[in-house]
Amino acid sequence: MAEVLVVVEHSGGEVKKVTLEMLTLARELGTPAAVVLGGPGTAAPLHDKLSEYGAAKVYAGESDDLDGYLVAPKASVLAELVRSTSPAAVLLGSTQEGKEIAGRLAVKLDNGLLTDVVGLSPDGVATQVVFAGSTIVKSRVTRGLPLVTVRPNSLTPAPAPGTAEVSTLDVTVDESAKLARVVDRKVEAKGARPELTEASVVVSGGRGVGSADNFKLVEELADLLGGAVGASRAATDSGFYPHQFQVGQTGKTVSPQLYVALGISGAIQHRAGMQTSKTIVAVNKDAEAPIFELADFGVVGDLFKVVPQAAEEIRKRK
Amino acid sequence: MNIVVLVKQVPDSGAERNLRTDDNTVDRGSASNVINEMDEYAIEEALRIQEAHGGEVTILTMGPDKAAESIRKALSMGPDKAVHVVDDALHGSCALATSKVLAAALGTLNADLVLCGAESTDGRVQVLPHMLAERLGVAALTGARKLTVDGSALTIERQTDEGYEVVTAQTPAVVSVWDTINEPRYPSFKGIMAAKKKPVQTLSLSDLGVAPSEVGFDGATSAVVEHSKRPPRSGGQKITDEGEGGVKLVEFLATEKFV
């Protein structure tokens with residue numbers, strides 16, 4: 001069987017969940033081969049996890065050039081690998097960087113590209129959910145191989161333990177790919193919470209939360225449920241919570257098992273980012289808020305009473 | 001500094017949006033069409049750079065005849081002129097073909113800086129800035145929440161999941177921006193009146209030296225096989241808090257095995 005290249009998303013020496021989803025998906029399409037691109041020493045700590053989820057091979061591309069410049073060098077290395085291995089498909093995470101690498105790869109190979117894919121069948125037909133979750137599209141690449149970016153939380157990762165063979169890539173990066181230099185990386189506090197787009201539980205706060213200080217309530221419930229914290233645009237625009245946690249049309253799209261909306265009215269802007277969540281729970285003082293049209297369970301009430309009581313009840317049950 | 005801002009006309013994300021049943025493309029006929037919201041932040045950023053450093057701001061749009069409305073709207077914010085790439089053969093173009101056409105149009109404009117929104121609200125594909133940079137052989141600084149211009153040196157803060165990256169490049173470059181970068185101005189009455197007289201150049205595929213077979217459905221590198229409406233979610237149980245709302249909420253979460 002031909003290889004299916006899975007471009008590994010990693011952070012802080014750990015494999016991101018979307019990669020495990022892609023490896024699971026890749027097994028349906030061919031032989032999964034993980035591609036690690038990063039600075040020297042990136043691949044080794046990821047090897048066991050990639051093996052555990054069925055990678056038969058790990059292509060290790062390591063160089064300061066891959067780490068020190070924005071996406072272009074990664075796309076160059078990947079294009080060479082595709083040319084030399086003729087894989088059955090190439091999968092990347094549907095993240096900002098994943099999409100950007102895919103875009104450059106599409107130009108380099110003159111190959112079609114599908115983004116935000118939630119499913120891919122062995123015959124190459126991809127499923128996408130568009131227009132704020134209102135429309136399902138089936139599509140395929142008609143020139144070249146299936147080059148797709150996979151949206152996090154699209155499927156459940158399943159282990160398939162083995163031992164991946166390591167193949168070291170020769171990384172030579174042309175000067176033309178070194179035009180955008182990363183001079184610094186700053187980490188802004190997010191604590192031990194799971195990543196927003198990958199979390200299986202997301203607890204979000206909106207305008208009704210009222211202040212940055214009150215977001216502690218949202219964080220507390222998120223921590224009790226082992227979830228990530230999100231915010232509506234109204235909340236981020238008001239400065240209640242940092243912008244990178246915004247869920248919605250102009251923010252992140254999330255699709256967790258459980259989405260809890262606190263003080264969020266449910267404007268279409270927000271629904272665009274969360275309505276494919278499996279279970280939706282809402283607390284809002286306005287009984288007419290559109291969020292209740294989506295919610296599997298809604299509480300009409302004051303979130304400053306309902307949420308602390310819920311938190312207390314969860315503690316009792318633990 | 002010579003700045004070109006890419007502006008896309010999209011169906012209003014606040015209204016119902018559909019794909020056409022005949023050819024699976026975005027239905028732009030029945031929808032209320034607006035400037036892609038993220039592009040307004042790119043226009044604002046261009047105007048601020050122009051105010052500080054001088055130069056000219058040009059709007060570049062690829063789209064059908066009716067995209068001219070969005071071009072006038074963009075010009076009413078303050079840019080100097082616009083270029084509209086319009087050709088019947090473009091209907092059905094994929095992202096790859098779109099980037100080819102826009103790269104050809106940019107080739108005629110001699111831009112130091114190409115600004116655009118980080119994504120469009122219809123496709124949300126996010127690939128265009130890097131596709132353009134790849135074709136033009138220039139730097140791409142994408143996902144900016146802050147842009148600093150110092151002569152020919154550009155520095156952005158690029159939003160990431162963990163925080164941000166500081167990324168630098170020299171002009172010419174493509175820079176895409178998020179809505180955190182500024183607060184776009186509203187067009188003034190004077191701006192709206194002035195926009196009516198600003199030059200809008202239209203370019204066809206033959207003007208750009210792109211063959212019709214390279215774009216549209218003929219040149220598309222991906223195809224929609226079918227589409228369907230997702231059944232709308234229906235609301236479930238809704239209770240009014242009478243002192244036990246929090247407990248009941250947790251009871252529901254427990255039945256769903258979240259607690």
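**Two chains of a predicted model: questions and answers**

Modeller: In this predicted model, chain B has 259 residues, of which 49% count as buried.

Colleague: How many helices and strands are there in chain B?

Modeller: The C-alpha trace of chain B spans about 65 × 45 × 40 Å along its principal axes. Among its contacts with a separation of 6 or more, 70% come from residues 24 or more positions apart. As for its elements, chain B has 8 helices and 13 strands.

Colleague: Which element gives the most to the side of chain B that touches chain A?

Modeller: The contact takes 78 residues from chain A and 67 residues from chain B. Elements of chain B that give two or more residues to this side include helix H1 (37-53), strand S9 (163-170) and strand S12 (222-229). With 8 residues, the element that gives the most is S12(B).

Colleague: How many residues on the side of chain B that touches chain A are charged?

Modeller: That side of chain B contains 28 nonpolar residues and 23 polar ones.

Colleague: In strand S10 of chain A, are the residues buried or exposed?

Modeller: Strand S10 of chain A covers residues 147-150. A:Leu147 and A:Thr149 point one way, while A:Val148 and A:Val150 point the other way. On both sides of S10(A), these residues are buried.

Colleague: Which residue of S10(A) is the bridge partner of A:Leu91?

Modeller: Strand S6 of chain A, residues 89-93, pairs with S10(A) in the parallel sense over 4 bridges. The bridge partner of A:Leu91 in S10(A) is A:Val148.

Colleague: Which residue in S10(A) does A:Val117 stand opposite?

Modeller: Strand S7 of chain A, residues 114-120, runs parallel to S10(A), and 2 bridges join them. In S10(A), A:Val117 stands opposite A:Val150.

Colleague: Why does B:Val149 count as partly exposed?

Modeller: B:Val149 lies in strand S7 of chain B. Leaving aside neighbours within four places in sequence, its contacts are B:Ile49, B:His53 and B:Leu154. A buried residue needs 20 or more other C-beta atoms within 10 Å, and an exposed one has 12 or fewer. B:Val149 counts as partly exposed because its C-beta neighbours inside 10 Å number 19.

Colleague: How far apart in space are B:Val149 and B:Gln237?

Modeller: In sequence, B:Val149 and B:Gln237 are 88 residues apart. In space, their C-alpha to C-alpha distance is 54 Å.

Conventions
Residues numbered from 1 in each chain as written. Chains lettered and ligands numbered in written order. Predicted model: local features only at pLDDT ≥ 70, side-chain atom pairs only at ≥ 80, totals over all residues. Pairing = 2+ DSSP bridges. Contact = placed C-beta atoms within 7 Å. Nonpolar A, V, L, I, M, F, W, Y, C, P; charged D, E, K, R; others polar.
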